[in-house]
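This report describes the fold of one protein, from its overall dimensions to individual backbone positions. Please consult the sequence and the model shown below while reading.

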Amino acid sequence: MNSIYNYTKEELENYFKEIGESKFRADQVFDWLYIKRIKAFDEMTNLKKDLIKYLKEHLSTDRLKLVTVQKDLDVRKYLFELYDGNKIEAVLMNHDYGNSLCVSTQVGCNMGCRFCESGRLKKLRNLNAFELVLQILAVEEDIDERISHVVLMGIGEPFDNYDNVMRFINIINDPKGINIGIRHITISTCGLVPKIREFTNEKTGVNLAISLHAPNDEIRNKIMPINKAYKVNDIIDAVKDYIKVTNRRVTFEYILLKGVNDTPKCAKELASLLKGLNCYVNLIPYNETSHIEYKTSDKVTINRFYDILKESNINVTIRREFGSKVSAACGQLRSEQISKGEI
Ligand code: SAH
């Protein structure tokens, strides 16, 4: 059965029109679901009894099952069970500017990045839009606060689940619903170039982040198999077009892996690759995981890399580490559950 949380407001208006109801019902239903946060159609007291009966027969209001929450200072990691028994994770980060939720977009991931723990389990399926929406509702219910920012940086490749992801964004951005500002939403991709181009043309206003992690094909091929399909220069070309069309700044994520991509030569190469682009680089100290041989670069190396970019007039920050105690940091999702045989 489809979920009521899978509908954009426009789709819900059409749904009601098709069953001979006023499209205004969509506003009422959105109000119940996303403002009043009811959990069953029976609670929608301004709908007629026979309409409630019809909705109950055709659509589900089921939420995600919360399995565990792990807390570590300003981070909470959530493990959810989906209707088919699969499990996914979401990570809440409490920043000074608000609550940011990192959502998963797929069960597993097929991109196979060598350094990423989450990708050790191949993709079992895409998440539906409603399963993304419900991650937000579940976390807001748990903390009894609003989520202000959403990053699509959990398990999965968002652009490998494009349609559901775009639908999700439409639903959570609706001013009559959860109302998360479009500029408070960030999609991160490992570089699926055709999808970057499609995304560009939609001009959504959503932030784009690219997991680059290497300044050239030689290194990128070794750590990210997707680079065999889309080369560094293909990505840069697509990003240039994105900036031209949207006039938005792009974020490049760059994990520093000891001895792999962290030399001064790499930093200089990265600086010349990104020269003149409206972008900033987010340097990510690698979170080591027990099953993967890559190591974190030491502090001196990280700082030297940062300085070289800075001196070349590239906007750059070093990402503060979140949640490593609860294995909630980037690339660590799933690992504990896999080890314990829970997933
Ligand atoms: N598939 C998308 C969304 C995942 S975002 C993408 O690749 O962008 C998760 C981010 O964490 C990516 O930038 C990923 O490369 C990074 N990451 C993966 N493993 C990591 C690790 N062990 N330490 C730090 N960052 C990691």
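In what follows, axes are lines fitted to C-alpha atoms, for helices over the stretch in contact, and angles between N-to-C directions run from 0 to 180 degrees. The model is predicted.

**Helix packing**

**Overall dimensions**

The protein contains eleven helices and 14 strands. Its radius of gyration is 21 Å, close to the 20 Å that the globule rule gives for 343 residues, so the protein is as compact as a globular protein of that length. Along the principal axes, the C-alpha atoms fill a box of roughly 70 × 45 × 35 Å.

Of the 343 residues, 57% count as buried. When contacts between residues at least 6 apart in sequence are considered, 65% of them join residues at least 24 apart.

**The ten-stranded sheet**

Ten strands form an open sheet with mixed pairing, in the order β3-β4-β5-β6-β9-β10-β11-β12-β13-β14. Its edges are β3 (65–72) and β14 (315–318), each of which pairs on one side only. On average, neighbouring strands of this sheet are turned by 20° against each other, direction ignored. Strands of a sheet pair through backbone hydrogen bonds, in either a parallel or an antiparallel manner.

How is strand β13 joined to β14? Strand β13 (residues 279–285) runs parallel to β14, and four bridges join the two. Tyrosine 280 stands opposite asparagine 315, which belongs to β14.

**Two residues with positive phi**

Aspartate 144 has a positive phi although it is not a glycine, and histidine 213 likewise has a positive phi without being a glycine. The table sets out their values and positions.

| Residue | Phi | Loop | Relative accessible area |
|---|---|---|---|
| Aspartate 144 | about 55° | between α4 (129–143) and β9 (149–152) | 69% |
| Histidine 213 | about 65° | between β11 and α7 (217–223) | 4% |

Which of the terms buried or exposed applies to aspartate 144? Since exposed means over 50% relative accessible area, aspartate 144 is exposed because its value is 69%. For histidine 213 the cut-off is under 20%, and this residue is therefore buried, with a relative accessible area of 4%.

How values were computed:
Residues are numbered from 1 along each chain as its sequence is written. This is a predicted model: local features need pLDDT of at least 70, side-chain atom pairs count only at pLDDT 80 or more; totals for chains, interfaces and linings use all residues. Side-chain values use heavy atoms; hydrogens and water are left out. Two strands pair if DSSP finds at least two bridges between them. Buried means under 20% relative accessible area, exposed over 50%, partly exposed in between (1.4 Å probe, protein chains only). The radius of gyration is taken over C-alpha atoms; the globule rule is 2.2 Å times the number of residues to the power 0.38. Contact means heavy atoms within 4.5 Å.
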